[in-house]
Amino acid sequence: MDLGLTGKRIMVAAASRGLGYGIARQLALAGARVSIAAPTEPAIHQAAERLAEEFGAEVVSFAFDARDRESILRWRDGTLERLGGIDGLVINAGGPPAGCFDDFDDAEWQAAFDLTLLSAVRMIRAVLPSMRRGGGGSIVTVTSSSVKEPIDVLLLSNVMRSGVVSLAKSLSQQLAPEGIRVNNLVPGSINTDRLKALVGARAEALDRAFEDVWAERSAAIPLGRFGEADEFGRAGAFLLSDAASYITGETLVVDGGAMKTVW
Ligand code: NAD
C-alpha cells in the first residue's frame, strides 16, 4: 500500500521522545517532510538530527510549549518558512497531573484546560489557513483510553481529553467539505518514559519491584505486552496519509486489545 506521504509537510507536537517521536519517525521513514516541536532544547533538535541521519529525511525542529499561544504561532510560522505549507498536524502534549476530584482547585482545572484542550484549539486554528490554501489536510490528536473508559485517578485527563475528541468529531463534520480530515488516536499502554514513570510510581506505592509490576501489567494485556512507540507511530502515519482518505471523525485505539468496550 502506498501511503502517499512522500513530500507531505506534517507538524508533530511534543515529539522529542515518546509517542510524538514515534509518529515523526514513521513519517520520516515514509518520506514526509516533518516539523517537530517540544519545550526542551536541545532535545528537540537532537531528535530532528537523529531522524535526518537515520532516514535522510527533511526534519525541522522548534522549541514550543503547547500552553503558549505565541509559541504555537512561532512554530507554525517557522514551519511555513522552512517547508512552504502544512498538510498535516499531530496534536500532542504532556499529560495533566493525576488525581481525583478533591485534589484540584480552579487553577489546576484551568492549567489542564490550557495544556490539553485549549492547546488543541490553538494548534488547529494556527494550521487551518494553510491547509485551506492547500486544498485539504489531515489532523490527528493523541488522546488516551480515558476518552472511552474514564480512569479513576486521572480525572483531569478524562474530562479534557473527552473535550478534545468531541472537538475533533465536531470539526470533522465542519471541515470535511474542505478536504480536511480530523481523527483521534488512543494509546493504551505504550512503552515510553511516561509509562515507565507511571509504573515506577505504582511500584513505589505498592512497595514492590519495578520489574514485577511491569511484567504483571504487560501480561494483563491480551497481546501480552506493552506497545512500542513505532507501532503507535504507524497508526498515526496511516491516519495522516492519503491511504486514510475516507476516514474522518474517527477514534483509533492502539492498545493491544486492552479495552473491553465494543465501540
Ligand atoms: P513522554 O513523557 O514520553 O513524552 C512527552 C512529550 O511531550 C515530550 O516530547 C515532551 O517534551 C512533550 N511535552 C511535555 N510537556 C509539553 C508541553 N507543555 N508542550 C509541548 N510538549 C510538551 O510521554 P508519551 O508517553 O509520549 O505521552 C504523550 C501523551 O500521550 C501524553 O499526553 C500522555 O499523557 C498521553 N498518553 C500516553 C500513554 C502511553 O502509554 N505512553 C497512554 C495514554 C496517554
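Reader: Which residue stands opposite Val34 in β2?

Author: Ile10 stands opposite Val34. This is a predicted model, by the way.

Reader: How do β1 and β2 pair, and over how many bridges?

Author: In the parallel sense, over 5 bridges.

Reader: And what is the bridge partner of Val34 in β3?

Author: Val59. So much for the residue; the strands β2 and β3 also pair in the parallel sense, over 5 bridges. β2 covers residues 33-38.

Reader: Is β2 enclosed or open to the outside?

Author: Largely enclosed by the rest of the structure, because 5 of its 6 residues are buried.

Reader: Zoom out. What is the strand order in the sheet?

Author: The order is β3-β2-β1-β4-β5-β6-β7. That makes 7 strands in an open sheet, with parallel pairing.

Reader: Which strands are at the edges?

Author: β3, residues 59-63, and β7, residues 251-254. Each of these pairs on one side only.

Reader: How far are neighbouring strands turned against each other?

Author: By 20° on average, with direction ignored.

Reader: Now helices. Which strands does α1 lie across?

Author: Helix α1, residues 18-29, lies across β1, β2, β4, β5 and β6. Its angle to β1 is about 165°.

Reader: And α4? Which strands does that helix lie across?

Author: β1, β4, β5 and β6. Helix α4 spans residues 106-134 and runs at about 175° to β4.

Reader: What is Thr116 in contact with?

Author: Pro96, Met160, Arg161 and Val164, leaving aside neighbours within four places in sequence.

Reader: What separates the C-alpha atoms of Val121 and Val164?

Author: 8.5 Å. Along the chain the two are 43 residues apart.

Reader: Where is Thr143 found?

Author: In the loop between β5 and α5, with α5 covering residues 155-175.

Reader: Is Thr143 buried or exposed?

Author: Thr143 counts as buried, at 3% relative accessibility.

Reader: What does Thr143 touch?

Author: Beyond four places in sequence, Thr143 touches Arg161, Val164, Val165, Asn184, Leu185, Val186 and Pro187. Arg161 and Val164 are also in the contact list of Thr116.

Reader: Change of topic: the ligand. Which residues come nearest to the ligand?

Author: Ser16, Leu19, Ala93, Ile190 and Thr192, out of 29 residues around the ligand.

Reader: What lies 3.1 Å from a nitrogen atom of the ligand?

Author: A polar side-chain atom of Asp65.

Reader: What about polar backbone atoms? Which residue has one 3.2 Å from a ligand oxygen?

Author: Gly95. Gly188 also has a polar backbone atom, 3.3 Å from an oxygen atom of the ligand.

Reader: How much of the ligand does the protein bury?

Author: 90%. Taken alone, the ligand exposes 830 Å².

Technical notes: Residues are numbered from 1 along each chain as its sequence is written. This is a predicted model: local features need pLDDT of at least 70, side-chain atom pairs count only at pLDDT 80 or more; totals for chains, interfaces and linings use all residues. Side-chain values use heavy atoms; hydrogens and water are left out. Two strands pair if DSSP finds at least two bridges between them. Helices (H or I, at least four residues) and strands (E, at least two) are DSSP runs, numbered from the N terminus. Axes are lines fitted to C-alpha atoms, for helices over the stretch in contact, and angles run from 0 to 180 degrees between N-to-C directions. Contact means heavy atoms within 4.5 Å. A residue is near a molecule or strand if one of its heavy atoms lies within 4 Å of it. A polar contact is a pair of N or O atoms within 3.5 Å; within protein, one must be able to donate a hydrogen and the other to accept it, and residues adjacent in sequence count only if both atoms are side-chain atoms. Accessible areas come from the Shrake-Rupley method with a 1.4 Å probe; for residues, only the protein chains shown count as cover. Buried means under 20% relative accessible area, exposed over 50%, partly exposed in between (1.4 Å probe, protein chains only).
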